[in-house]
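Dear colleague,

I am handing over the structure below, and the notes after it set out what was found. Please read them with the structure open beside you.

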Amino acid sequence: MDKTAIINYLIKHGIVAVVRADSGENLVPIIEAVMEGGVRCIEITMTTPGALECLALASEKLSGADVSLGVGSVLDGETARLAILAGAQYIASPITSAEVINMAHRYGKPCLPGAYTPTEIYTAWILGGDIIKVFPAGCGGLEYIKAVRAPLPQIPLIPTGGVDLSNLADFIKAGVALIGAGGNLVSKKLIEAKDYQGLTENARRYSEALTQAREQLHA
């Protein structure tokens, strides 16, 4: 997929599952478990040991599958380049870095730079960020997102951190492009227990909550 197609895929599917693990072991089964639950956009963080090797393995094994694999916690352009060469379809970061954005675009991939204040969000957008990752969204919560979107409705946002099943629908109703969910969706406890069925069930709950929220929004 080209950059526009990847952006459309992310927005269509609406949820990015952020996988942050203490080990790269069994990362492919984790991804497959989340996919089985209906969440098709999965971000592997660079804080996971062996993240790029795991991404390359997952990209090869899941070639042709209905999934979009990305890399998160990217802080510099070289890491972005290596991630894309390993198979990442999009680059996410907790910060805004022109170097990271430009490298992603050089390879035809979208970038989701992190920002928080209105000035940071606007700056990330002007620098070329495709969807702006509001992080950590849990600090200001839903009311903060509503306040930011009022003067900046043209900027697509993906709140990450603090989004869970109890408030997912409210964030969708507030007009965000999609949501990012880490430990609330891809539970560290389930990962450590190798409870893949539990990961699938959790992903399914998020997927169903998103579908319901969007149906209510357009009812």
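This is a predicted model: local features need pLDDT of at least 70, side-chain atom pairs count only at pLDDT 80 or more; totals for chains, interfaces and linings use all residues.

Residues are numbered from 1 along each chain as its sequence is written, and side-chain values use heavy atoms, with hydrogens and water left out.

Salt bridges

Aspartate 130 forms a salt bridge with lysine 3, the closest N and O atoms being 3.2 Å apart; a salt bridge is taken as a side-chain nitrogen of Lys or Arg within 4 Å of a carboxyl oxygen of Asp or Glu. The pair links distant parts of the chain, for lysine 3 is in helix H1 and aspartate 130 in the loop between helix H6 (118-126) and strand S7 (132-134), 127 residues apart. Helices (H or I, at least four residues) and strands (E, at least two) are DSSP runs, numbered from the N terminus. Lysine 3, at 26% relative accessibility, is partly exposed.

By this rule the count comes to 6 salt bridges, and another of them joins lysine 133 to glutamate 43, with 3.8 Å between the closest N and O atoms. Lysine 133 lies in strand S7 and glutamate 43 in strand S2, so this pair ties together parts that are 90 residues apart in sequence. Both lysine 133 and glutamate 43 are buried.

A salt bridge of 2.9 Å, N to O, also connects the side chains of arginine 81 and glutamate 78, which both lie in helix H4 (residues 77-85), 3 residues apart, or about one turn of the helix. Arginine 81 is partly exposed at 26% relative accessibility, and glutamate 78 is partly exposed as well, with a relative accessible area of 37%.

In helix H1 (residues 3-13), the buried residues are Ile6, Ile7, Tyr9, Leu10 and His13. Seen down the axis of H1, they fall within an arc of 160 degrees, so they line one face of the helix; the arc is that of the directions from the helix axis to the C-beta atoms. These buried residues pack against strands S1 (15-19), S2 (41-45), S3 (68-72) and S5 (111-112), and against helix H10 (196-217), with contact meaning heavy atoms within 4.5 Å. After H1 comes glycine 14, whose phi is positive, near 80 degrees.

Alanine 51 lies in helix H3 (residues 51-61) and is buried, with a relative accessible area of 4%. Leaving aside neighbours within four places in sequence, alanine 51 is in contact with Ile44, Thr45 and Met46.

The whole chain

The secondary structure of the protein chain comes to 10 helices and 9 strands. Its C-alpha atoms fill a box of roughly 45 × 35 × 30 Å, taken along the principal axes, and 53% of the 219 residues count as buried. Among the contacts in the chain with a separation of 6 or more, 59% come from residues 24 or more positions apart.

With regards

Methods
Buried means under 20% relative accessible area, exposed over 50%, partly exposed in between (1.4 Å probe, protein chains only).
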